[in-house]
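Dear colleague,

Please find below the sequence and structure that I am handing over to you. My findings follow directly after them.

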Amino acid sequence: GKFPQASIERLYDMGAWLQTNGEAIYATDSWNCFKEGSTYFTRSADGKYVYAILSEEPQTTVQISCVNPVKDGHVEVLSTGAKIYWSAMKGGGLEFAYPKGDNFGVAQVIKIPVK
């Protein structure tokens with residue numbers, strides 16, 4: 001049999017996304033919060049990072065209440081390494097603006113250092 005061309009293209013796109021963002025998928029564990037809004041979470045096997053997988057392009061600031069980054073930690077867009085300037089939210093969590101001008105694509109991953 002043959003696969004439809006649209007299916008083949010979708011598989012190539014998924015492969016390209018995983019090539020760039022696979023660190024947030026392969027050899028990860030669950031985080032204490034699986035999902036918050038349209039954001040999903042995984043944790044690195046060594047427990048040093050939480051990956052926030054944004055499934056929708058943010059129109060305003062992103063607020064994540066279930067992750068507390070390391071104070072002065074370097075939060076970044078995994079695919080580009082772009083640094084994200086964030087602030088702590090009252091009561092816990094972090095808030096940041098997604099970098100303007102980045103090609104969002106299907107989903108973007110934010111790498112957050114945690115204790």
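This is a predicted model: local features need pLDDT of at least 70, side-chain atom pairs count only at pLDDT 80 or more; totals for chains, interfaces and linings use all residues.

Asp-72 sits in the loop that links S5 and S6. Although Asp-72 is not a glycine, its phi is positive, at about 60°. Most residues other than glycine have a negative phi. The side of the chain on which this residue falls may also be of interest to you: is Asp-72 buried or exposed? With a relative accessible area of 73%, Asp-72 is exposed.

Ala-27 is not a glycine either, and its phi is positive, near 55°. Ala-27 belongs to the loop between helix H1 (5-21) and strand S1 (28-29). Its relative accessibility is 66%; because exposed means over 50%, Ala-27 counts as exposed.

As to the overall architecture, the protein chain has 1 helix and 10 strands. Along the principal axes, the C-alpha atoms fill a box of roughly 55 × 30 × 25 Å. Of contacts between residues at least 6 apart in sequence, 58% join residues at least 24 apart.

The interior may be described next. The protein chain has 115 residues, of which 36% count as buried. In soluble globular proteins, nonpolar side chains tend to be buried together. Here the largest nonpolar core has 20 residues, and those with the most contacts inside it are Phe-41, Ile-64, Val-67, Ile-110 and Ile-112. Two or more residues of this core come from each of strand S4 (49-54), strand S5 (62-64), strand S6 (75-77), strand S9 (94-96) and strand S10 (108-113). Which of these elements gives the most? That is S4, with 3 residues. Another core, of 6 residues, lies apart from the largest one and includes Ala-24, Tyr-51, Leu-78 and Val-109.

The chain carries 11 positive and 12 negative charges, whose mean positions are 5 Å apart.

With kind regards

Technical notes. Residues are numbered from 1 along each chain as its sequence is written. Side-chain values use heavy atoms; hydrogens and water are left out. Helices (H or I, at least four residues) and strands (E, at least two) are DSSP runs, numbered from the N terminus. Buried means under 20% relative accessible area, exposed over 50%, partly exposed in between (1.4 Å probe, protein chains only). Contact means heavy atoms within 4.5 Å. Lys and Arg count as positive and Asp and Glu as negative; His and the chain ends are not counted. The place of a charge is taken as NZ of Lys, CZ of Arg, CG of Asp or CD of Glu. A nonpolar core is a set of buried Ala, Val, Leu, Ile, Met, Phe, Trp, Tyr and Cys residues joined through side-chain atoms within 4.5 Å.
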